[in-house]
Amino acid sequence: MAKKKTSQPTTQSSTHSKPRLIVIDMMIGMAMILVVLGHQSFPFSPRWYNEGLHEWIYMFHMELFMFLSAFLIRYSYRQINSISDYGRYVWRKLVKFFIPFLVIGLIVAIASAYMAGAAFDQIGQIALQALRQMLLYPIWSDASFLWYIYILFGFYLISPLIIALPRWVKMVLCVASLALPLLQPGQLLGAALFCKYAFFYMLGILCGEGFEELRNVKTWVWGILSLPFLAWSILMFIARLGDGALDVPWLTVAPWQFHVVEPCLALPCFYFLGRMLMQVSWVNKVLTAISRDCFWIYLLQMFVVWTCAYAFQGIGLVGRSPFWPFLIVSTAMGIAVPIAIERIASLRTQKRKKE
């Protein structure tokens, strides 16, 4: 008698008809922790962080995040059948993503100008200049750390068209997108960033369509597929923190900072870790909470990280104590504070609705 296949645990989402995938929540939670960890570069950051941990994170973490975002775009997608449906779809994404991007970006620009000594009567001009920079060159704006929201919004705009294509066309586009960064289109309207992450967007869309096949693969197989990433990570840390430089030609893909191999190695590893960690109840709860509020964390974490840096400098701990206590506190606060703000905002919204 054949054994009945068992699927991975899921939880019902309140916003989508499809259930949440716990393993994907685990992966998003881990990716979000890496985002916050990667934003700890300060003048007092030691070499082991700047040339080791930071460099390791930046070789794959945003590609991983783009893949997961595209996966969820496809997994939670609801059919759009008319121009009016598309208009409502764009409006929802505009309100959810782009307007917060503009608001937080303007706050950062005005605060930066004020701290640099700008006069009050210059605020209007500064805000207009910041708005122009954010709309045209998001990676060069004062709030450059928010570029991902700009790019994600752009991918949301084209997703209904991409999803409607036959699967074989999507596979062809996925392969072809590997060549896009070679065009080196410049930063106007985030073009270089769209080209850089197009492959992982397309890969996420395809995996979102074929997830049933992927999750039927045995966990031990994913464990074996994780070994190359583990080996590369060890090799990189040894090279970066030793006397030599990382000299493995097959890991270098032109143009500069266009990483393909490392994120592709990381994907099965993080999926394997997700499968393993969702069996640990407290880790499951923590990573799921981070996943559910990852947008708020991404918006607000830099404010918290900067505040922690100023606080540590203000009480004279910088230089006197090891860097790792600051790293732990800053990362934990950068995650916990935005979650707390989101929960408080949600409670107030619910209270108003009841009244």
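Is R215 buried or exposed in this structure? R215 is buried, with a relative accessible area of 14%, where buried stands for under 20% relative accessible area, exposed for over 50% and partly exposed for what lies in between (1.4 Å probe, protein chains only). The model is a predicted one, in which local features need pLDDT of at least 70 and side-chain atom pairs count only at pLDDT 80 or more, while totals for chains, interfaces and linings use all residues. Residues are numbered from 1 along each chain as its sequence is written, and side-chain values use heavy atoms, with hydrogens and water left out.

- Helix α2 covers residues 47-58; helices here are DSSP runs (H or I, at least four residues), numbered from the N terminus.
- From first C-alpha to last, the 12 residues of α2 reach 15 Å, close to the 16 Å expected at 1.5 Å a residue, the expected span being 1.5 Å times one less than the number of residues.
- The buried residues Y49, G52, L53, H54, W56 and I57 belong to α2.
- These residues cover an arc of only 160° around the axis, which puts them on the same side of α2; the arc is that of the directions from the helix axis to the C-beta atoms.
- Helix α3, made of the 15 residues 61-75, reaches 21 Å from its first C-alpha to its last, close to the expected 21 Å.
- Because 13 of the 15 residues of α3 are buried, this helix is largely enclosed by the rest of the structure.

**Salt bridges within helices**

- The structure holds 9 salt bridges, each defined as a side-chain nitrogen of Lys or Arg within 4 Å of a carboxyl oxygen of Asp or Glu.
- In one of them the side chains of E51 and R47 meet at 3.1 Å, N to O, and these two residues, 4 apart in helix α2, are separated by about one helical turn.
- Both ends of that pair are partly exposed, E51 at 36% relative accessibility and R47 at 42%.
- An α-helix has 3.6 residues a turn, so residues three or four places apart point the same way.
- D85 and R88 form a salt bridge of 2.4 Å, N to O, and lie 3 residues apart in helix α4 (residues 83-115), about one turn of the helix.
- D85 is partly exposed with a relative accessible area of 23%, and R88 is partly exposed with 45%.
- The side chain of R215 meets that of E212 in a salt bridge of 2.7 Å, N to O, and both residues lie in helix α9 (residues 211-215), 3 residues apart, about one turn of the helix.
- Whereas R215 is buried, E212 counts as partly exposed at 43% relative accessibility.
- Elsewhere, salt bridges that share partners join R74, R167, K170 and E209 into one network.

- W220, I224, L227, L230, I234 and I238 make a nonpolar surface patch of about 650 Å².
- I238 is found in helix α10 (residues 219-241) and is exposed, with a relative accessible area of 58%.
- S226 is also found in helix α10, yet counts as buried at 6% relative accessibility.
- The side chain of S226 reaches the backbone oxygen of P268 at 3.4 Å.

Notes:
Patches are made of residues with over 30% relative accessible area and no salt bridge: like charges are joined within 9 Å, nonpolar side chains (Val, Leu, Ile, Met, Phe, Trp, Tyr) within 5 Å. Accessible areas come from the Shrake-Rupley method with a 1.4 Å probe; for residues, only the protein chains shown count as cover. A polar contact is a pair of N or O atoms within 3.5 Å; within protein, one must be able to donate a hydrogen and the other to accept it, and residues adjacent in sequence count only if both atoms are side-chain atoms.
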